[in-house]
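Please look at the sequence and the structure shown below, and then read the short report that follows.

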Amino acid sequence: MAAGYRLTVSGDLLRHTAVSLGRLGFGASLGVLAGVSAASLVALVPRAGLMIRPLLDFLAPIPVLAWIPLFIIFFGIDGARTALIATGTGLILYGTTLTVILDTRAEYVDLALLYEKTRVQILIEISLPSGAWTLFGALRTALGLSWVLLLASELIASSSGLGWLIWDSRNFSRADEMMAAMIWVGTLGFFFDRLIASAQNRATAWRPTFQGI
Amino acid sequence: MVSPIRPAMRNDVSSARSVLSVRIQEKRFGVVPVLGSITFEVEPNQFVVVLGPSGCGKTTLLRVLAGLDREFVGRIMLGLNSVIRPSSSIALMFQDVRLLPWMTVERNIKFAAAASENPKSPQDSLVSVGLDPAILSYYPRKISGGMAKRVALARALAGNPSVLLLDEPFSELDTASKYGLYDLLIESVHSPDAPVGAIMVTHDISEAVYLADKILVLSGKRPASISSVVPVELPRPRYRDDADFLKLCTSLMIAAISESESQTPSKVDTAG
């Protein structure tokens, strides 16, 4: 408690939190954008799909952590962290978005065709909204994973961020600060998950609510 | 788009003025012929009912007419243009309401009217089907089945189509709601300020006689073709216990029975 107070007052906690959240936000946004775009491209342009799909199907089973050395060579330490988070998030969003698009109800597509909608309009007005609940679910999973990847990367190679704060506390045998930082990390993760869950509920308020089996 | 013309006499049969001209020679699903020769005209302000048993290809016929299914031999003419893809001039009401659940009533109507050159406002569309514009902001799950059907009709009419196709849209409603909607339909189709022609497919003889200016009886055989054309000249409003009404129902029933007795059993089942 006292350690947490000390960290807060000194501004260390805030500074490291800002650094971590910045990294998370940037990497995850990149991943979401790339994942959703790739899936949309595969769905809209069959020829692009012929190239992208097998490639991603092949790359997806490689555990994200295995990419770290390659990413460090290509992007340097900080770039590798972003790439790691983006890859983890992107692969999850890509898979789910593609599933959602392929699962679009034929009846709705018929309706859209009847009203002269283009393929892009069908994607944006029918496929994605009809699968919004699932997509938000994937976003929650992806952010959970990103949080883990971020912390891991900061524990191993960093001089700032919450992961580093935990590791640094260990180096100085400050168990109290370490615990305080851990609790803070858990709280933040919980808070973000609730935030997305509430966005999920708001964006899909049109759904009949599930009352239990 | 058919230009506004003088209010049509309901049983006027001059094909030069027809809003939709149907010349189907054949429609197959793979090797199975579903529709045979089907030829008819629809005049503005005319209500045509296609009567046929379940599974005879009625839904397929409507999909072809709407431009959703283009793999057939023949030609559909909308005024002077060939129907080669869906257009806002031809509206289709599906058997299910098919409102998009993630859009409010207003967005559902706008979604449909967007492609039209002179769409009605969502408010006007709702009022024209007897609904309170207050439900514009509602999601489809919030409204009752009967209201949803009315919204679906409002959506179909929102683009000011010249042809309205109906696929037994009110079959699961109770009798009172159903006939309420039928009166609304007749009113929309016969309205002098909108030269719309309607084609409804159904298996219900009483409904057909209640609505139609002209009934096309489809044969139950595969491929389905028109076995008879029955002009319905009963005065409106029509009453279902009227002697002439019942007489026409009976003769159509007898025609349907003799048709089904000559039917060769078919194991192939397709939607419709």
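## Confidence in the model

In this predicted model, chain B has a mean pLDDT of 86, and 89% of its residues reach 70 or more, where pLDDT is the predictor's confidence in each residue, from 0 to 100. Among the elements of chain B, the highest mean pLDDT, 95, belongs to helix 2 (residues 105-113) of chain B, while the lowest, 85, belongs to helix 7 (residues 243-261) of chain B; helices (H or I, at least four residues) are DSSP runs, numbered from the N terminus.

Over residues 1-14 of chain B the pLDDT is below 50, and this stretch has 26 contacts in the model beyond near neighbours in sequence, two residues being in contact if their C-beta atoms, placed from the backbone, lie within 7 Å. Residues 265-272 of chain B also have a pLDDT below 50, with 16 contacts beyond near neighbours in sequence. For the complex, the predictor gives an ipTM of 0.83 and a pTM of 0.83.

## Two domains of chain B

Chain B is assigned domain 1 (16-89 + 163-261) and domain 2 (98-160), with bounds that come from an automatic or database domain assignment. The C-alpha centres of domain 1 of chain B and domain 2 of chain B are 24 Å apart, and their contact takes 10 residues from domain 1 of chain B and 13 residues from domain 2 of chain B.

On the side of domain 1 of chain B that touches domain 2 of chain B, helix 5 (residues 175-190) of chain B provides the largest share, four residues.

## Numbering and thresholds

Residues are numbered from 1 along each chain as its sequence is written, and chains are lettered from A and ligands numbered from 1 in the order in which they are written. This is a predicted model, in which local features need pLDDT of at least 70 and side-chain atom pairs count only at pLDDT 80 or more, whereas totals for chains, interfaces and linings use all residues.

Conventions. Helix = DSSP H or I, 4+ residues; strand = E, 2+ residues; numbered from the N terminus.
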